[in-house]
Amino acid sequence: MKKVTFFLNDPLHKYLPEFKDAKVAKDPKLGTEGGLEPVKSPITIAQLMSQTAGFSHGLGSTKVDEEVIRGLYYTQHKDIAARVSAYAKLPLYGHPGEQWYYSASPDILARLIEVFSGQTVAEFLQKRLFDPLGMKDTGYNLSEEQAKRMTVLHTYDDAGKLIKSPRQTATSGITVFAGANALFSTAQDYSLFARMMLNGGELDGKRYLSSKTVELMRMNQSKDLFQDPGKGFGFGFAVVDDLADTKALAQKAHSIGTGLIVPISL
């Protein structure tokens, strides 16, 4: 495995040149048809990790969101490199560092893992995270035995009756090793990852991440851009800065059976 030294403030195009000429929609509601302009400053790795790079996930109601969801998820891509190359051609929702906007930037981070490590994301995560942590039911593709435990997706018919969805999540043949989606896991497996993070990067006496790395991840990296009272956004997830300001007694959580396999995002 090759090793690359990089810094969080490095420009993205240093490693993925296709983003050098990134363009921003002048009006997100109009998308490309409303005109595009060059980014005011280069996109950085830190901005990708804090969701402040200006990208979209395609989940909103603007034309930019529509273009993104069609270009990323309604179009077939061979692998994560192809998806990210397509992403680079789509308009940004806003200028880097000027807003917090939920996006598929973890897909770009997944591609960076491949560039930095010389491995596929699947290989890297298996070797560096899943196997060492004992996450035996986590991965991009499921075995036949695991697929039998995959949770069934449901929807509503025209009469409002709950039915089994005719379209189920594919459990094999996946080649786009994404960062924003596509992993399968169980509550038991995910608890190992969560406990490791909660314990500052260490679990059962073994260190997986440096304490400094976890500290940086937990810090609010979005300044005042994350518009949620009492909270900020670190590297990868939201963080609570002031519980009183959230007006919540505690953060809600939902539990599932420990043997059930469900789609997750890491």
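This is a predicted model: local features need pLDDT of at least 70, side-chain atom pairs count only at pLDDT 80 or more; totals for chains, interfaces and linings use all residues.
Residues are numbered from 1 along each chain as its sequence is written, and side-chain values use heavy atoms, without hydrogens and water.

**View 1. The overall fold has 9 helices and 10 strands.** Helices (H or I, at least four residues) and strands (E, at least two) are DSSP runs, numbered from the N terminus. The radius of gyration is 19 Å, close to the 18 Å of the globule rule for 266 residues, so the protein is as compact as a globular protein of that length. The radius is taken over C-alpha atoms; the rule is 2.2 Å times the number of residues to the power 0.38.

**View 2. Of the 266 residues, 41% count as buried.** Buried means under 20% relative accessible area, exposed over 50%, partly exposed in between (1.4 Å probe, protein chains only). Among contacts (heavy atoms within 4.5 Å) between residues at least 6 apart in sequence, 63% join residues at least 24 apart.

**View 3. G58 sits in the loop between α1 (45–49) and α2 (63–72).** Its relative accessibility is 6%, so G58 counts as buried. Leaving aside residues up to four places away in sequence, G58 touches D65, V68 and I69.

**View 4. G58 and Y93 are 35 residues apart along the chain.** Their C-alpha atoms are separated by 9.8 Å.
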